[in-house]
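Hi everyone, thanks for coming.

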Amino acid sequence: MDDSELIAGARAGDRMAARRLYDRHAPRVYRLLYRSVGDEELAREYTQDTFVKAFQRLEQYRGESAFSTWLHSVAMSMLFTGLRRLRRVRAREFELESAAEVASPEGDSDPHLRDRLQAELERLPVRLRMPVVLHDMEGFTHREIGQMLDIPEGTSKARLAEARARLREALAGIVAE
Amino acid sequence: MDDRELERRLAELKETWRNPQDPPLDRIWQAVEERAFPARERRIPPRWIRTLLPLAAMLVLGFGLGQISPALVKQSSVAPPRMAGVSSSAGSAESAGPALNDQGPFVGVAADYLERVTALLVTLADANRRSGPAIEYSTAQARDLLVTTRLLLDSPQASDPHLQALLDDLELVLAQIVRLPRRVAAPDVYLIDQTVDQREVLPRLREMLAENPTSQP
């Protein structure tokens, strides 16, 4: 049974169809959210919010894009809403963390390229990190990323290029060694 | 490091970076099901029913009031103070007869209008239980009725303050129905619900009826 049949069933109130739709897409949505926030509890919460919202708004899905793209756009919306909320709640901690990051010594304190790449990736602002995660790790196209993040395809490409440039710059010293 | 090298490193990182353990799918689903499905079943129809059926009932009562308004005019000499105010709007005891004659066509128009509003609200409630297509039709009807409401409000014969107030509130409710999207969402219905609540439409009608038992339809 393909997505469109399951969607029709879920729209008609068939919970089994909804569950199958969930089983099919939830692992990837959860993984993306986990990669975005790095916290299991938050990833669970946002995954839950994503599917609740998706099922409530299922009638708004018109099949113009793949269901998974539409669902991931809902997930991104939940993620950004959640992060904004979290940022407000943890404003002070966030500021302290940022300050700590800025104050942390740059350079070759971390000898492992992979660890350093990971650290630099996590240090990227969300708007730049998401295209890297979505494109380079999750394999979405720029068109799909544009739909998910509600930005033009070109903006997705530009952000990915900027993110990569920052990563290359940050890693240049290590590679040179 | 060039772009290709970075891509290769990112591909490697993909295998290890923030790779979650198996998500607790059943647990998440349980929460999703509790929040999405019961909410979805409860959300629109019961709210519509709660909103529209009382409104329909209110309009049936309003219709009854409109029908018996000539009788109220006749009874002005024995009516309670509040209804004396109503009848005074139609004229003094001496002018009750002519006023009644003048109000005849108006009452007919108003009764027809109230019947149509009632029918519209019942249709909307019924359509919402089944599917959405009737919404568009009902919206067109509501638009038509909104025009009639405004004409009635401008009519010098609708000078009764209670009828004016009822028409004012119906104007608001109809305007909200006209603005309803084809796919009705809970917030839209909530606004109508809120209007009915805030304006205490039903308590006011009940009060009028309690004071005037003869006006029961």
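I'll go through the confidence, then each chain, then where the chains meet.

So, first thing to keep in mind: this is a predicted model. The model as a whole gets an ipTM of 0.76 and a pTM of 0.49. How do the chains do on their own? Chain A has an average pLDDT of 83, and 85% of its residues score at least 70. Chain B averages 63, with 39% of residues scoring at least 70.

In chain B, helix H3, residues 81-90, has the lowest confidence, with a mean of 40, while helix H1, residues 3-16, has the highest, at 83. There's a stretch of chain B, residues 39-45, where the pLDDT is below 50, and beyond near neighbours in sequence that stretch has nine contacts in the model. Residues 75-101 of chain B also stay under 50, with 31 contacts beyond four places in sequence.

Over in chain A, the lowest confidence is in helix H5, residues 91-103, at a mean of 47, and the highest is in H3(A), at 93. Residues 98-110 of chain A stay under 50 in pLDDT, and the model has eight contacts for them beyond four places in sequence.

Okay, on to chain A itself. What is it built from? Nine helices and zero strands. Of its 177 residues, 32% are buried. And if you take contacts between residues at least 6 apart in sequence, 62% of those in chain A join residues at least 24 apart.

Ala10(A) sits in helix H1, residues 3-11 of chain A. Is Ala10(A) buried or exposed? It has 24 C-beta neighbours inside 10 Å, so Ala10(A) counts as buried. And who are its contacts? Setting aside residues up to four places away in sequence, Ala10(A) touches Ala17(A), Ala18(A), Leu21(A), Phe55(A) and Leu58(A). If you want a distance to check on screen, Ala10(A) and Arg20(A) are ten residues apart in sequence, and their C-alpha atoms are 9.4 Å apart.

Now look at H3(A), the helix with the highest confidence in chain A. The buried residues of H3(A) include Tyr46(A), Thr50(A), Phe51(A) and Phe55(A).

Some of those names come back in the largest nonpolar core. That core has 42 residues, and the ones touching the most other members are Tyr22(A), Val29(A), Leu33(A), Phe51(A), Phe55(A), Ala75(A) and Val32(B). Which helix gives the most to this core? That's H2(A), with nine residues. The core also takes at least three residues from each of domain 1 (1-104) and domain 2 (107-177) of chain A. Zoom in on Ala75(A) and you'll see that, leaving aside neighbours within four places in sequence, it is in contact with Val29(A), Leu32(A), Leu33(A), Tyr46(A) and Thr50(A). There's also a second, separate core of 15 residues, and among its members are Leu152(B), Ala158(B), Leu170(B) and Val173(B).

One more helix in chain A: H8, residues 142-149. Why call it largely enclosed by the rest of the structure? Because seven of its eight residues are buried. Those include His142(A), Ile145(A), Met148(A) and Leu149(A).

Chain B next. It has eight helices and zero strands. Of its 217 residues, 25% count as buried. For contacts between residues at least 6 apart in sequence, 70% of the ones in chain B join residues at least 24 apart.

Last stop: where the chains meet. How many residues are involved? On chain A it's 34, in contact with 25 residues of chain B. The helices of chain A giving two or more residues to that side are H2 (15-37), H3 (40-56), H6 (113-123), H7 (126-137) and H9 (153-176). H2(A) gives the most, with ten residues. And the chain A side that touches chain B splits into 17 nonpolar, five polar and twelve charged residues.

That's my tour, so over to you for questions.

Key
Residues numbered from 1 in each chain as written. Chains lettered and ligands numbered in written order. Predicted model: local features only at pLDDT ≥ 70, side-chain atom pairs only at ≥ 80, totals over all residues. Contact = placed C-beta atoms within 7 Å. Helix = DSSP H or I, 4+ residues; strand = E, 2+ residues; numbered from the N terminus. Nonpolar A, V, L, I, M, F, W, Y, C, P; charged D, E, K, R; others polar. Buried ≥ 20, exposed ≤ 12 C-beta atoms within 10 Å, placed from the backbone. Core = buried A, V, L, I, M, F, W, Y, C linked by C-beta atoms within 7 Å. Domains from an automatic or database assignment. pLDDT = per-residue confidence, 0-100.
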